[in-house]
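Me: I have a structure open here and would like to talk it through with you. Could you take it piece by piece?

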Amino acid sequence: MKFIKPCLFAFTVLLSISCTSQKEKSSLKDVYKNDFYIGTALDLNQINEKNKKEDSLIRKEFNAITAENIMKSMFTHPQKDKYDFTLSDKFVAYGEKNKMFIHGHTLIWHSQLAPWMQKIADSTEMKAFMKDHITTIVSKYKGRINSWDVVNEALNEDGTLRKSIFLKTLGEKYLVDAFKLAEKADSKVDLYYNDYNIEEPAKRAGAIALIKKIKAEGGKVDGVGIQGHWRLESPSLEEIEKSILEYSALGLKVAFTELDITVLPNPWDLKGADVNQNFEGSAKMNPYPQALPDSIQNKLAERYASIFKLFLKHKDKISRVTFWGVHDGQSWLNDWPIKGRTNYPLPFDRDLRHKKAYDSIKKLKETKK
Ligand code: XIL
């Protein structure tokens, strides 16, 4: 009896110590491990493990990776008869070494094409390109890459098909052909259609029609990638939720593939703004060059929390949530749509410290324990 009290005390102390250290040790990927993959996009330096601190953060926090650029066609297939897999081999080896889910981005996209591809002018040449490109790359990483963005950004904002070089040379058939070629090269890998703003009603309707058509014509589509380049105020949670439900009703896995949230003014929101106008160097368009004010930091944290709360509600339908970059300093949003700004769209800051946004995403899980 005498021993019970001190024992109980010691036990409680031990438990609280272990809980505290557990808390410090835990990471996004750990707390979300039973829900969906937590991914990030890696740039060249990160693939080359240039910065030790950054590398250990990547390995600690994320269990899925996408190459931010190096698997795009201009890098993997620089000339008609020449592929270059030096960087993509490193990327895949990095994922394997760290037991991560490896996503391939991207096979058929009108942007970041090699110059020689932009000169393809007829259907025979384009057909040959697609067959060679998709077959070579998907076969090369067969069984090693877990999912592919087979087609990226084929739609306009109104849901009609983008007049890309692929549509111009081959007509709509290029879409189903791309999925068929990818399946033929690796029948087990998950195949995705990936696009931005496809949580908005018109574009979503277009994406649903397009995916249905590809499937009806015999293409295998396993999932839809909603890029998730979002803002503090939009899109609404309602539209995001409708999208999760509608895409998953087609039997698709839903992934959020390029998540980031801009906190800067958008040139397209400015009434009467000419988007061709040069905003570079405009202080009005770059309001936080030194630091993000607390009020916006909090807004960002709340926005991320509400988005992840929704993701958790539909975790059975969501395969992966990938941030478009590891930290704010790396984000493409520092240079798009206006060059040279200071943006703060991710859960880690420029010094690799976690932000309130990170804590708010994690807290959703920790309070549930
Ligand atoms: C962006 C990269 O982040 C930039 O570094 C690059 O200069 C341009 O492309 N949709 C996509 C991504 O599918 O590949 C884009 O990535 C962002 C928009």
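**Loops, ligand and fold**

Reply: T106 sits in the loop between strand 3 (101-104) and helix 7 (115-118), where helices (H or I, at least four residues) and strands (E, at least two) are DSSP runs numbered from the N terminus. This is a predicted model, in which local features need pLDDT of at least 70, side-chain atom pairs count only at pLDDT 80 or more, and totals for chains, interfaces and linings use all residues. Residues are numbered from 1 along each chain as its sequence is written, and side-chain values use heavy atoms, with hydrogens and water left out.

Me: What kind of peptide bond joins H105 and T106?

Reply: That bond is cis, with omega about 5 degrees. Another cis peptide bond runs from W336 to P337, with omega near 0 degrees, and P337 lies in the loop between strand 9 (318-323) and helix 14 (356-366).

Me: Back to H105, how far is its side chain from an oxygen atom of the ligand?

Reply: An N or O atom in the H105 side chain is 2.7 Å from a ligand oxygen, where a polar contact is a pair of N or O atoms within 3.5 Å (within protein, one must be able to donate a hydrogen and the other to accept it, and residues adjacent in sequence count only if both atoms are side-chain atoms). A polar side-chain atom of K72 is also 2.7 Å from an oxygen atom of the ligand, and for W324 the corresponding distance is 2.9 Å.

Me: And which residues come nearest to the ligand?

Reply: Of the 13 residues around the ligand, the nearest are E68, N69, K72, H105 and E258, with a residue counted as near if one of its heavy atoms lies within 4 Å. By class, this shell has three nonpolar, six polar and four charged residues; Ala, Val, Leu, Ile, Met, Phe, Trp, Tyr, Cys and Pro count as nonpolar, Asp, Glu, Lys and Arg as charged, and the others, Gly among them, as polar.

Me: Changing topic, how many helices and strands does the chain have?

Reply: The chain has 14 helices and nine strands. Its radius of gyration, taken over C-alpha atoms, is 22 Å, close to the 21 Å from the globule rule for 369 residues, so the chain is as compact as a globular protein of that length; the rule is 2.2 Å times the number of residues to the power 0.38.

Me: Last one, where is E49?

Reply: E49 is in the loop between helix 3 (44-47) and helix 4 (52-61), and its phi is near 50 degrees, a positive value in a residue other than glycine.
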